[in-house]
Amino acid sequence: MSRAEPAGGVLEERLGYRLPSLTAAGAARVAALSPDESEAGTPTSLVAYHSHGRVLVIDDGSEALAAAQRLGADLDCTLLVNATGSVAPTPAREKAVRVVHADLIELDGHLGAFRAQVAAGGKTFDLAVSLGIDAFDLVLDLGDPPRLTADVLPPGYYAPGASETDLEAALAEIPTLVGEFEKPRYFRYDPDICAHGRSGLTGCTRCLDACPTRAIRSLGDVIEVNPFWCQGAGSCATACPTGAITYAYPGVEDLLSALRGMLKRYRSAGGVAPQVLFHDAQTGRAWMAANADALSEHVLPVELEEVGSVGLEAWLTLLAYGVRKVAVLCPADPPASVRAELDAQTQLAAAILSGMGYPAGLVEVIDAGTAPASETPEPGPGPEIVAAGFAAVNEKRTNLRLALEHLYEQALAKPGIIPLPEHAPFGEIRVDRDRCTLCMACVSVCPAAALEAGGERPQLKFIEWNCVQCGLCETACPEDAITRVARISEEAFRQRAPRVLNEEEPFRCTVCGKPFATQSVMKRMRTKLEGHWMYQQPAALRRLEMCEDCRVKDMLRDGGGLLDRPDGTPRGG
């Protein structure tokens, strides 16, 4: 039987590979993957790079000189040799290589804006400025080890190491990077819901840990993303528990809306038991071209800028939309931080789904480097899930809650609590009531409104669904009364009602009866101050039990016990 051609070959041209359509599912897949102009996403802004072709070559070996001379034929090239290096200045030529003898102290930047701090003659200076230019545009670092280290290096920086092949590739590519270049601004950031820090305390660092380019840095209570270093890996947005960082190419609402439309077209064309396979363009297209015939025709391939940009939120939403299985095709040699986040998200999804009684393998990461065409596994059938009707929004926790509610309603098991791995951004906090004084330090630092005070009554309330397990409350607690427990609770995502973690009768002013503290706070205060010299007089101890107004009045009355009586005896006795 011959393979059916997609209509006019348009789909094959758009995808870059051919999909078989030998069955009803294959024909439905063709309909599903046909573009829908009404699903155009929200555009993101662009980041521009400007390069004049000013190259800095770093190292002091003969190989570096040879490389610099090759680049110097077309570009403004500077060779930086350490102060004791043996490379001599090159003879004058049409486009001479500039040789500078100095020690490199610091290097940072990106395409069009590299800065090098160097030391020579007992002085430290900016090398570019000393040469009469504002910055270097490109860097070829032949040092061992290279000066910059990251899973993904900044644009314009080349560190081929000992690989002759990589060096030749760099020497061929560098001359092409002259002019103006643009790329999407891949992220959006909302500092108001960021759980990184509060009041000088550090909480969540998931985005910093997941970023392969080191484009994210801490500014104390919030973070900053360098848009010129960011290259769209997306793992920061996947890792972010609150949605403070979201992927913008496309945004999650646009992506899930497009996928929902794709599934509707698939079903309208008679397709059943859909499965989704995410892949990127660089590795994924070639893998799909080699493996398309071995995949089930129920598999709907979805190309992304980066596969690290989708995680638990998208996977559970697709399962709620009735997808039988979600697979992610991971490149053969992904950045370590991206793969680690994919694995963490997969582990979390497995824990949630298995806790509800769903079979294993509904979410899977396929390694593109270990799946030969002849042995490509076909995703097995999953459970029958009635497709949810909710539309995704640009709020991470809302999408997760809606997906969880729908999956829970149709689950084989309906446990009240599902234990989760320690890294999970869901869970409760537990308060040791014997230690807690209801000082509300935890409430003041909670970035997700998971903790709240009880108003006029001394109470500590907790909304579990809001908790992202950032640990700020635990760090801020002066009594070490808080511990965290990762879990998913039915009550948390279905009811989202606050519950009381601790409460006490208020301590009332001994003069006017106004409540102004808690019983435990007063007890702790008496214990801590009983040996202090300022509180040896009974009047001073009595003042501790007064509200602020009554305390001031008492201190002003007859000197508040601080002045002696006319006969010379101290007051307040």
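Is Asp480 buried or exposed, judged by its relative accessibility?

Modeller: Asp480 counts as exposed, because its relative accessibility is 59%. The scale calls a residue buried under 20% relative accessible area, exposed over 50% and partly exposed in between, with a 1.4 Å probe and protein chains only. Before going further, please note that this is a predicted model, in which local features need pLDDT of at least 70, side-chain atom pairs count only at pLDDT 80 or more, and totals for chains, interfaces and linings use all residues. Residues are numbered from 1 along each chain as its sequence is written, and side-chain values use heavy atoms, with hydrogens and water left out.

Asp480 is placed in the loop between helix 14 and strand 25. Helices (H or I, at least four residues) and strands (E, at least two) are DSSP runs, numbered from the N terminus. The backbone of Asp480 has a positive phi of about 50 degrees, although the residue is not a glycine. Most residues other than glycine have a negative phi, and most peptide bonds are trans. Ser199 likewise has a positive phi, near 50 degrees, and is not a glycine. Ser199 belongs to the loop between strand 12 (197-198) and strand 13 (201-202), and its relative accessibility of 57% makes it exposed.

Three bridges join strand 21 to strand 25 (residues 482-489) in the antiparallel sense. Within this part of the sheet, Ile418 has Ile488 of strand 25 as its bridge partner.

The aromatic side chains come next. Rings of Phe, Tyr and Trp (its six-membered ring) pair if their centres lie within 6.5 Å, and planes under 30 degrees apart count as stacked, over 60 as edge-to-face and the rest as tilted. By this rule there are seven aromatic pairs. In one of them, Phe114 and Tyr157 have ring centres 6.5 Å apart and planes at 40 degrees, so the pair is tilted. Phe114 sits in the loop between strand 5 (103-108) and strand 6 (115-120), while Tyr157 is in strand 9 (residues 157-158), and the pair links distant parts of the chain, 43 residues apart. Both Phe114 and Tyr157 are buried. The rings of Phe426 and Trp465 have centres 5.7 Å apart and planes at 25 degrees, so that pair is stacked. Phe426 lies in the loop between strand 21 (417-419) and strand 22 (427-431), and Trp465 in the loop between strand 24 (459-462) and helix 14 (472-476), so the pair ties together parts 39 residues apart in sequence.

Phe426 is buried because its relative accessibility is 3%; Trp465, at 6%, is buried as well. Elsewhere, Tyr186, Tyr247 and Tyr249 form one aromatic cluster. Tyr249 is also joined to Pro250 by a cis peptide bond, with omega about 5 degrees. Pro250 is found in the loop between strand 16 (245-247) and helix 8.

Helix 8 (residues 252-268) packs against helix 2 (residues 24-33) at an angle of about 140 degrees, with the axes 8 Å apart. Here axes are lines fitted to C-alpha atoms, for helices over the stretch in contact, and angles run from 0 to 180 degrees between N-to-C directions. Met262, Arg265 and Tyr266 of helix 8 meet residues of helix 2, among them Ala25, Arg29 and Leu33; contact means heavy atoms within 4.5 Å.

Finally, Thr317 is found in helix 10 (residues 312-320). Its relative accessibility is 0%, so Thr317 counts as buried. Leaving aside residues up to four places away in sequence, Thr317 touches Leu256, Phe390, Asn399 and Ala403.

Technical notes. Pairing = 2+ DSSP bridges.
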